[in-house]
Amino acid sequence: MSALRYSFSQIEAFAMIAETGSVSKAAQLLGKDRTTVRDLLDYLEDALGYTLFLREGRRLRLTDNGQQLHRQAHLFLRQAQAFESFARGLPAAVEEELVLVYDPFVPHAFLHALIEHMAANKIRFSAWSGTRDEAERALKNGQAHVAICQAQHRTLGNEMEWQALGTVELNFYAARGLFNDQPQPVTLLNLSLVPQLVMHHVSDEQVSRRLQISGKSLFVNDRAILQQLLESGVGWGFLPTHFQAQQWHDVQILCTEVGNQGLNITMVTLWNPGGNKNAVAQAFIASLPEIWRSIYSSSRSFAAR
């Protein structure tokens, strides 16, 4: 890249003189000496090889070349201002960013509250759904700051910090008529013979151990697709009550031999103690329990949103 023949100060001085029609006024607005501004314009005209202004009494008027160059100078200065604004905000933007990985069972109402909380604090917030293994890998390699996952009731050692967040209630759901030919309440054996819709995109050992009953599992972590599959009678689901699946078309709560009370899972917050040294991540982790309590319905489940 060849060296620039014109300095930023020269272009700035030229643009300001063009806008005010006066070297004196331009100097005043730029906070520079009149002689300095006059010299900057002279150096620019010398480098260009043509004049930019015609003098009409005490006022300067742009030549034809000057008019065309002024449009370019105006665009250049706007780009320079945008560059300065971006450059000044870059350190804060890097620090004030947070990435969350969350389990598909995390209630949308809670995620909505997190988005509002981060927006109110002007913090860039990214969130994506993943399995427990994906969440832990993202925390370890620095792709995420915080994860909200289903508790596995195992020792994490020194690699991860955790705190309990709350519980999510579960229930059995199926399209009306899917188990009409079976004795009521439906037995676990009969459930195991019909495909189960599992709210994860891949098989997860911990999820399988706690939530999978049928050996014929269909994995899906898009709630709209899950709804379509459930409504179509493709399979049944052991799902969070905050999904409000009984309000979907032709879907009902399924009565089973294990009952419908006390079925829940614990959600926990995970983070890498060595990777969250910035104040934004620490404040976010500290705020989660209160946000959860403020959104969660006192005794039942999340209201539908």
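Colleague: What makes D250 count as partly exposed?

Modeller: Its relative accessibility is 34%. Buried means under 20% relative accessible area and exposed means over 50%, with partly exposed in between (1.4 Å probe, protein chains only). Since 34% falls in between, D250 counts as partly exposed. Do keep in mind that this is a predicted model, where local features need pLDDT of at least 70, side-chain atom pairs count only at pLDDT 80 or more, and totals for chains, interfaces and linings use all residues. Residues are numbered from 1 along each chain as its sequence is written, and side-chain values use heavy atoms, with hydrogens and water left out.

Colleague: Why is the contact of D250 with R176 called a salt bridge?

Modeller: The term asks for a side-chain nitrogen of Lys or Arg within 4 Å of a carboxyl oxygen of Asp or Glu. For D250 and R176 the closest N and O atoms are 4.0 Å apart, so the pair meets that definition. D250 sits in the loop between β9 (236–240) and β10 (251–253), and R176 in the loop between β6 (161–175) and α7 (188–192), so the pair ties together parts that are 74 residues apart in sequence. Helices (H or I, at least four residues) and strands (E, at least two) are DSSP runs, numbered from the N terminus. R176, at 48% relative accessibility, counts as partly exposed.

Colleague: How many salt bridges does a search of the whole structure find?

Modeller: It finds seven. Among them is R61 with E56, whose closest N and O atoms are 2.4 Å apart. R61 is partly exposed at 39%, and E56 is partly exposed at 43%. Another joins the side chains of R132 and E136, at 2.7 Å from N to O. Both residues lie in helix α6 (residues 132–140), four residues apart, about one turn of the helix. An α-helix has 3.6 residues a turn, so residues three or four places apart point the same way.

Colleague: Are R132 and E136 buried or exposed?

Modeller: Buried: R132 has 7% relative accessibility, and E136 has a relative accessible area of 10%. R58 is exposed, with a relative accessible area of 82%, and its place is in the loop between β1 (53–56) and β2 (59–62).

Colleague: How do you know that the span of helix α1 agrees with what it should be?

Modeller: The expected span is 1.5 Å times one less than the number of residues. Helix α1 (residues 8–20) has 13 residues and should span 18 Å; its end C-alpha atoms are 18 Å apart, which agrees. Residues buried in α1 include I11, F14 and I17. G21 follows α1 and has a positive phi, near 75°.

Colleague: Which backbone values deserve a second look?

Modeller: Most residues other than glycine have a negative phi, and most peptide bonds are trans. Phi of Q244 is positive, near 55°, and phi of D250 is positive too, near 60°. Q244 lies in the loop between β9 and β10 and is buried at 15%. A cis peptide bond joins Q184 and P185, with omega about -5°; P185 has its place in the loop between β6 and α7.
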